[in-house]
Amino acid sequence: MSTPSSVADVGEHALIARVRERVPPGPDWVAIGLGDDAAVVEPARNALEVLTTDALVEGVHFDRAFTPPRAIGHRALAVNLSDLAAMGAAPRAALLSFVLPPALPLADFEAIVDGFMALAAAHGVALIGGNITRSPGPLLVDVTAIGTARRRRVLARSGARPGDAVWVSGEIGSAAAGLQSLSAGARAGGRPAACEAAFLEPQPRVRLGTLLGRNRAAASCVDLSDGLADGLHQLADASGVGLEVDGAAVPVSDEARCWFEARGLDPVMAAITGGDDYELLFTVRPGGRSRLETARRQARGLRLTRIGTVRREPGVRLTRGGMSEPVPSGYVHFR
């Protein structure tokens, strides 16, 4: 009997069994987990539930030519954890669904699940259900994530006010440089290894998000998986304010800066308009600096950079060298 090589060779129930083999015993609050028609969980005491969902589609969000299967699984959960972080929520559970082309290698399917489960374990996320179905088209991985937050610790995009300081975590543009390098493949000279890793296995700022909420350090917050430019506009629109960004302060990594400059690109603009940063953009009230410093200490060395100011006048502008220019809107689907 030949060894099965594709997902079509084993069928839906065997695929579900292979997922279940990789799932550790659930926590006590999972009354019914994988294997039933629906999951049953106990709500967290004195906390609100925060829910988010996102799908990764082959050819839109990743290219299997240069994205390892394990990275696909990692990224599918990471984008949802980043959304929870932006809300100040601690992740708790997830639902994982696949829309699979029949020819997908079985080893690739298992590696996707392994990548997902590794990140889930790192953040204490219980996989409690999902679905598997067949696709006549591209591979699709869909995740719903559930987190919790105390009522007064929930963050939102709509809390920015004129005079607030604008802050960002980590570094901007590394994933965009990494994607360019991976897309170029062997043609790329001096490939930026750290940037490629930033694209393939982004690290959602879960701890920072919960700290900003717990310390009430942030007045507003948004995730940057669609890039800094998009996040700036989303926050400004939701809050009904304008933002002024200091181009010299935008934290672009040396490796990404060198990559962009070597290709004749403006490194700051390339970083701002790139995507997949998985960082947090947030605003801090003028009197909230001490709370932010507390969150910074508890974040264990994560880089936080002030990049601008909230203003009353609408629009998002980038200032550098004494000149001001509008920030492009960033990545948008269907455009």
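# Salt bridges of a predicted model

Visitor: Why are Glu293 and Arg296 in helix α11 separated by about one helical turn?
Guide: Both residues sit in helix α11 (a DSSP run of H or I, at least four residues, numbered from the N terminus; strands are E, at least two). This model is predicted, with local features needing pLDDT of at least 70, side-chain atom pairs 80 or more, and totals for chains, interfaces and linings using all residues. Residues are numbered from 1 along each chain as its sequence is written, and side-chain values use heavy atoms, without hydrogens and water. Glu293 and Arg296 are about one turn apart because their spacing in α11 is three residues.

Visitor: How far apart are N and O in the salt bridge of Glu293 and Arg296?
Guide: A salt bridge puts a side-chain nitrogen of Lys or Arg within 4 Å of a carboxyl oxygen of Asp or Glu. For the side chains of Glu293 and Arg296, the N to O value is 3.3 Å.

Visitor: How many residues apart are Arg303 and Glu171?
Guide: Their side chains meet in a salt bridge at 3.2 Å, N to O. Arg303 is in the loop between α11 (289–298) and β11 (304–311), and Glu171 in the loop between β7 and α5 (174–184). The pair links distant parts of the chain, the two residues being apart by 132 residues.

Visitor: What is the relative accessible area of Cys195?
Guide: Cys195 lies in helix α6 (residues 193–200). Cys195 counts as buried because its relative accessible area is 1%.

Definitions and conventions
Buried means under 20% relative accessible area, exposed over 50%, partly exposed in between (1.4 Å probe, protein chains only).
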